[in-house]
Amino acid sequence: MSRERVGVIGVGQTTYRRHHSELSSADLIWEAAERALADAGLGIDAVDVIVTGVAPDALSGENCVEKTAIFGAGKPFVRVNTGGVTGSSTVFSGASYVASGRARVALVIALERMGQATTSQQVFNTIFDPVYEKDFPLTTITMAALRASMLMRVYGYTERHWAEIAARNHRHARDNPLAHLRLELTPEDILDSQLLAWPIHRYEACPMSEGACALVLAGEDVVGGREVAWIQGMASTSDSYAMGDRFHRPEGSLVDLLSLRLSAERAYAEAGITDPRAQIDVVELYSPFSSAEAMTYPALGFCRPEDGPRFVREQQEDPSLPVFNPSGGPQTANPVSATAMVRIAECALQVRGVAGARQVPDATRAVATGQGGATQFSTVCVLGKERP
């Protein structure tokens, strides 16, 4: 079955910070949307469908955000939530409207307001299995620490590896005026920072950020002579919810990110990627911890699991490898419901050659990932200059 090709022709983002106390949710959504529409050179009248990604009310601190944020009377409106991949799921939903021919232009928006929610930590403290896992007790950070220690034991990573990954991301963020954290940190600074849950230090972990991101997606007949980042491949895969189910299975353990690997295989096949190291220029990872980033390397085909520690050092020595997180990534700004869309937005800017000080020279193809829930949801989106 044939389908319409889909391109990103507009990108809009707010700044990302701990609180946007002076702005309402509607203000943030409008700011990102207006910037994306201006970038695309279109007005709201040109939009056929609006898709918004927002966290559940207990995490967004507001009842039914869409009640005050909907604009464009008479247009179809969809609200999406899939945990941490809400942003990419929102993009995929909007792209499906365009690809199917049901819309020529889709405006997709993702919003995070966790800073105003008083119940967010209670929610995160209860996301794991209430019978088998609650007595550990697991939280987002302690589960990340468990995986990090497992990576160290099985594959030979050290705390220094985590610090080097984080230092690179913080260095890149200094070129990104939208980033929540823009700090000059060495690996030593990171290792000297507060220990949250061994082996995770403060500056290896993401901040809690607020902000909004918007994209304008369009079919070929709308693109015209605009700068465009074509969606060459995209895939979303889910996995078992319970962590215990993922420890000792042959198809992939807790640190092997089976759902991300499957999404990458499907998106790469659609985009014609057979050698990720040679055919990809930029990678924007949903990696809120250094160890979470390390888990993505083999899942995305950049190295074998046992070669992960070597690949961390390779990135510093081999300029032919892709550039990881030129925006700074989630370790420097993590508006959870928007983060996976931010990854796609940053890739689109790179491919279009309009990423400013964080632009990677001659970038023609980029890959964005998303991770959600108890990392059981994974998305991969391939964007490129060439029409698929």
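Because the model is predicted, local features need pLDDT of at least 70 and side-chain atom pairs count only at pLDDT 80 or more, while totals for chains, interfaces and linings use all residues. Residues are numbered from 1 along each chain as its sequence is written, and side-chain values use heavy atoms, with hydrogens and water left out.

Let us start with the record. UniProt lists residues 257-385 as "domain: Thiolase C-terminal", in an unreviewed entry; its positions are given in the numbering used here, feature names are shortened, and annotations may be inferred rather than shown by experiment. In the model, this span is 43% helix and 16% strand, and its end C-alpha atoms lie 29 Å apart. Helices (H or I, at least four residues) and strands (E, at least two) are DSSP runs, numbered from the N terminus.

A search of the whole structure finds 6 aromatic pairs. Rings of Phe, Tyr and Trp (its six-membered ring) pair if their centres lie within 6.5 Å; planes under 30 degrees apart count as stacked, over 60 as edge-to-face and the rest as tilted. Tyr 297 and Phe 324 form an edge-to-face pair, 5.4 Å centre to centre with 65° between the planes. This pair links distant parts of the chain, 27 residues apart: Tyr 297 sits in helix H12 (residues 290-299) and Phe 324 in strand S10 (residues 323-324). Both residues are buried, where buried means under 20% relative accessible area, exposed over 50%, and partly exposed in between (1.4 Å probe, protein chains only).

Phe 324 has another edge-to-face pair, with Phe 302, at 5.3 Å centre to centre and 80° between the planes. Ring pairs join Tyr 297, Phe 302, Phe 311 and Phe 324 into a cluster.

Phe 311 takes us to H13. Its buried residues there are Gly 308, Pro 309, Phe 311, Val 312 and Gln 315. Why do they lie on the same side of H13? They cover an arc of only 165° around the axis, the arc being that of the directions from the helix axis to the C-beta atoms. As background, an α-helix has 3.6 residues a turn, so residues three or four places apart point the same way. The face of H13 turned away from the buried side carries the exposed residues Arg 310 and Glu 317. The buried residues of H13 pack against helix H6 (140-155), helix H7 (159-173), helix H11 (276-279), H12 and S10.

H7, H13 and S10 each give two or more residues to the lining, and the largest share, 6 residues, comes from H7.

Now to some single residues. Ser 291 lies in helix H12 and counts as buried at 4% relative accessibility. Leaving aside neighbours within four places in sequence, Ser 291 is in contact (heavy atoms within 4.5 Å) with Ala 144, Ala 148, Leu 151 and Trp 162. Cys 381, in strand S12 (residues 377-384), is buried with a relative accessible area of 1%. With the sequence neighbours again set aside, its contacts include Phe 92, Ile 231, Met 234 and Ile 344.

The backbone has some points worth a look as well. The peptide bond from Trp 198 to Pro 199 is cis, with omega near 5°. Asn 325 has a positive phi of about 50° although it is not a glycine; Asn 325 lies in the loop between S10 and helix H14 (336-352) and is buried, with a relative accessible area of 0%.
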